[in-house]
Amino acid sequence: MRILVQKFGGTSLSTERAREHVIRHIERELKQDYQLVIVVSAMGRNGDPYATDTLLSLIGAQNSTLPARERDLLLCCGEIISAVTLCGLLRERQIPAVVLTGGQAGIITDGQYGNARILEIKPERIQHHLDQQSLVIVAGFQGRSDSGELTTLGRGGSDTSATALGAALKAERVDIYTDVNGILTADPRIVENAKPLTNVSYAEICNMARQGAKVIHPRAVEIAQAASLPLRVRSTFSEDEGTLVTHLGPKTSGSAVNDRHVTGIAHVSGVTQISVTSKDNQSDLQLQVFQAMAIHRISVDFINVTPGAAVYTVFDDDAPKAVSVLQQSGFAPHTLSGCAKVSVIGGGMNGVPGIMARIVEALTEQDIQILQSADSNSTIWVLVRQQDMAGALRALHSKFSLHL
Ligand code: ADP
Ligand code: MG
């Protein structure tokens, strides 16, 4: 039997109408004789009754004194409510279905509450239900530690539940259903004419996801890539097939050659640029700065070092701590908060001349100042002020003709 994993995100389950669409996708695949494993997120977004952020607000969100273990118990409820609701709807239609929590489904994690990592999948229980001709609904975003505690997998965790289960069950494919028509060339909330990509490689999409494209979690893509498990990202609200993610990437007239220089544009906002210069040509400046960040577990990015200076970024939330740590070490750091990192991503840009020139051209035309830049063989990053971010995304999107 062919196994298919279908994952439905929060907005796909938030209203009765949305859930009707979900059922339509399930019924269609059942007719294709698939054995189905359905992974669900909590319903809706912040403010909706059972959404993850709403549950968090019950305990005062981040400032809660509640231990992480109990916080995870609360967070696990959203997906369970979603799974049981869907099960009820399927059973009303005489579709046999059973609900499993992440732990019951065999998702075994380490004990790091709030951001647990999957150690192992024990698929026997799911397999048993599938063999009994039942569809299995798994509460996403959660697992169980070795000692039996409930754990959650961090933001985007349901994507990871889906691909990890897909890999363990040797599924034919994992379909990620969401509220947009696939993986687009940029976030459609900012770039109105962003276009769905038909075929992309794991590497390209992983890169876009790491650079901020929130449509799929990078960890989920890594798991699929390691297992050579095809992924499809598509909309719950249409029959469009969306984006297929495999090893291959874009196809050009029958061949599998990647001729796309730029695949998409992604962004991360809320970062602070920190510049540290040495007073008296201190030779160990870089060592001191980055060791201090490491000891205080402050994640650093966008690092440029020169003999007398270190320039890098941290998240705005970490900036006050970073500054005080640097001051304690005798530095007088200069900071610029409220910046955004914009990434131009493309597996095919390696060795292609002129990409940076076009980026500079696009931003200069809009009077957008580049505060810092860096590049690798598949990404060019620029740091801009937050108020320039949307303009930068649109200008770059159009400069590389991604809407065509
Ligand atoms: P779900 O609840 O289904 O998991 P998410 O909110 O996690 O949905 O992801 C879907 C959202 O990701 C879209 O509504 C879109 O605004 C955003 N997004 C950001 N970048 C991209 C992109 N490159 N392609 C598609 N969607 C994107
Ligand atoms: Mg998501």
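Student: Which of the 19 residues around ligand 1 come nearest?

Tutor: In this predicted model, Arg45, Thr178, Asp179, Leu184 and Arg189 come nearest. A residue is near a molecule if one of its heavy atoms lies within 4 Å of it. Local features need pLDDT of at least 70, side-chain atom pairs count only at pLDDT 80 or more, and totals for chains, interfaces and linings use all residues. Residues are numbered from 1 along each chain as its sequence is written, chains are lettered from A and ligands numbered from 1 in the order in which they are written, and side-chain values use heavy atoms, leaving out hydrogens and water.

Student: What makes the pair formed by Asp187 and ligand 1 a polar contact?

Tutor: A polar contact is a pair of N or O atoms within 3.5 Å. A polar side-chain atom of Asp187 lies 3.0 Å from an oxygen atom of ligand 1, so the pair meets the definition. For Lys7, a polar side-chain atom lies 3.2 Å from an oxygen atom of the ligand, and for Gly10 a backbone N or O atom lies 3.1 Å from one.

Student: How do you know that β17 and β18 pair?

Tutor: Strands (DSSP runs of E, at least two residues, numbered from the N terminus) pair if DSSP finds at least two bridges between them. β17 and β18 (residues 379–385) have 4 bridges, in the antiparallel sense, so they pair by this definition.

Student: Why are β14 and β17 left without a neighbour on one side?

Tutor: The open sheet of 6 strands has the order β14-β15-β13-β16-β18-β17. β14 (301–306) and β17 (372–375) stand at the edges, each with a single partner strand, so one side of each has no neighbour in the sheet.

Technical notes. Polar contact = N/O pair within 3.5 Å; in protein donor to acceptor, adjacent residues only side chain to side chain.
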